[in-house]
Amino acid sequence: MHFHPGDIVSFDFPMPSTGRYLTHSAVVLSCTEVHQHDNIYVCAMMSSNNSNDRFTFKLDDSMLQNVNSKGCSQVRCHLITYVDAVHVRPANGSPYNRLTKQALKMLFTHINTTVFDWQVH
């Protein structure tokens with residue numbers, strides 16, 4: 001299965017505080033060429049822990065293709081990694097959900113400004 005930017009998938013994500021791997025949902029950020037070149041996806045981890053800090057990008061149902069199954073959902077914008085495509089766990093061969101195009105643009109802007117301190121002009 002090939003995934004696209006904005007698709008929500010899951011995999012064992014390396015946790016920065018412990019070094020352990022825990023299964024988390026994540027938003028695919030990378031373009032098709034990244035997958036074609038190295039068979040990987042660049043992803044940002046998602047969480048439902050209701051943190052509210054500089055790196056939080058809260059999601060609501062209007063930002064998702066399908067209604068959210070969790071009460072609180074957010075992207076942790078500073079937790080970005082790549083994952084080998086063979087380790088991605090989709091739901092029945094499809095992404096669990098997908099961000100709308102507008103939400104994906106907002107996410108990229110938020111990542112650029114909060115993580116990389118880069119202003120989009």
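Guide: Asn39 sits in the loop between helix H1 (32–38) and strand E3 (40–47); helices (H or I, at least four residues) and strands (E, at least two) are DSSP runs numbered from the N terminus. This is a predicted model, in which local features need pLDDT of at least 70 and side-chain atom pairs pLDDT 80 or more, while totals for chains, interfaces and linings use all residues. Residues are numbered from 1 along each chain as its sequence is written, and side-chain values use heavy atoms, leaving out hydrogens and water.

Asn39 is not a glycine, yet its phi is positive, about 60 degrees. Most residues other than glycine have a negative phi. Asn39 counts as partly exposed because its relative accessibility is 35%; buried means under 20% relative accessible area, exposed over 50%, and partly exposed in between (1.4 Å probe, protein chains only). Asn50 also has a positive phi, about 65 degrees, without being a glycine. Asn50 belongs to the loop between E3 and strand E4 (56–59) and, with a relative accessible area of 49%, is partly exposed.

The structure holds two aromatic pairs; rings of Phe, Tyr and Trp (its six-membered ring) pair if their centres lie within 6.5 Å, and planes under 30 degrees apart count as stacked, over 60 as edge-to-face and the rest as tilted. Phe3 and Tyr41 are edge-to-face, with 5.6 Å from centre to centre and 70 degrees between the planes. Phe11 is buried at 1% relative accessible area, and Phe13 is buried at 2%.

Ser10 is in strand E1 (residues 7–14) and is buried, at 6% relative accessible area. The side chain of Ser10 makes a polar contact with that of Tyr96, at 3.1 Å; such a contact is a pair of N or O atoms within 3.5 Å, where within protein one must be able to donate a hydrogen and the other to accept it, and residues adjacent in sequence count only if both atoms are side-chain atoms. Leaving aside residues up to four places away in sequence, Ser10 touches Thr23, His24, Ser25, His87, Val88, Arg89 and Tyr96, where contact means heavy atoms within 4.5 Å.
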